[in-house]
Amino acid sequence: MDSRPIRRPVVVLAVTSGLALIACGVGIQRDLSAIPPGQVGFDDMCNLQGYFDALEARTARPPVQVSAVELENDAKRPVRGGKALIAFSGEFQLRHLRRVLNENWKRLPEPVASARKIELEVYWAEKAGVRRVVTERDAEMIIDRQSFFLPYHVCLSELLFGEPLYRQRREMLGLPLPMPPLQIPDAGAGATDGGHSVAGR
């Protein structure tokens, strides 16, 4: 009798488990890959004009750039690029981030819905003075020290680095900025929270 162990069922189980893991990963829900990025921004397919208008009018704070590493190629091909970690927190920032995530990705992890802070780490390249998220690498989403990978989507690039493009779009179309809220002085005027916000662009 052949005493060698039967390996085939083990291999089949391993392959099945691997496929199940891939199937549960975050995927693209709204595919805009066939549309030129410039058209995506000009037609506001990511619905971000109001977000950037609020930042420019200073009625809301931008996300904070936690860390950044910039790299530059040799003189023969001077292409700037790098890696940035950007944190979203507070009602305004998280509301817009969750909308962008839910509209464009599927099978998002459950913590996205209730997280008080969501960090995004992306690799970027700069062309003609404009930063864009690179297409060949996944972005990393960090929630409570857990990492999740997001496949490339143009709306993530628009959200993180689209500020100058949406300012130009607003000026070209003659769109008004939102009115700032009425400032009512109180006894605590002059006190500040001491915090600093940094736009990740």
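Are C46 and C155 buried or exposed? Both C46 and C155 are buried, where buried means under 20% relative accessible area, exposed over 50%, and partly exposed in between, with a 1.4 Å probe and protein chains only.

Before going on, a word on the source. This is a predicted model, in which local features need pLDDT of at least 70 and side-chain atom pairs count only at pLDDT 80 or more, while totals for chains, interfaces and linings use all residues. Residues are numbered from 1 along each chain as its sequence is written, and side-chain values use heavy atoms, with hydrogens and water left out.

Back to the cysteines. The structure holds one disulfide, a term used here for a pair of cysteine sulfur atoms within 2.5 Å. C46 and C155 form it, with their sulfur atoms 2.0 Å apart. The link is left-handed, at -85° about the S-S bond. C46 sits in the loop between α2 (37-42) and α3, and C155 in helix α5, so the pair ties together parts 109 residues apart in sequence. Helices here are DSSP runs (H or I, at least four residues), strands likewise (E, at least two), numbered from the N terminus.

Next, helix α5 itself. Eight of its eight residues are buried, among them C155, E158 and F161.

The largest nonpolar core has 39 residues, and F88, M141, L150 and L160 have the most contacts inside it. By nonpolar core I mean a set of buried Ala, Val, Leu, Ile, Met, Phe, Trp, Tyr and Cys residues joined through side-chain atoms within 4.5 Å. Elements giving two or more residues to this core include β3 (80-89), α4 (90-104) and α5 (154-161). The largest share, six residues, comes from α5.

Take L150 as one case. Leaving aside neighbours within four places in sequence, L150 is in contact (heavy atoms within 4.5 Å) with V26, L101, W105, L108, L120, D138, A139 and M141.

Last, helix α6, residues 163-173. Which residues does R170 contact, leaving aside its neighbours within four places in sequence? They are Q49, D53, E56, L175, P176 and L177. R170 lies in α6 and, with a relative accessible area of 10%, is buried. L173 is also in α6, but at 42% relative accessibility L173 counts as partly exposed.

That is the end of the tour; I can take questions.
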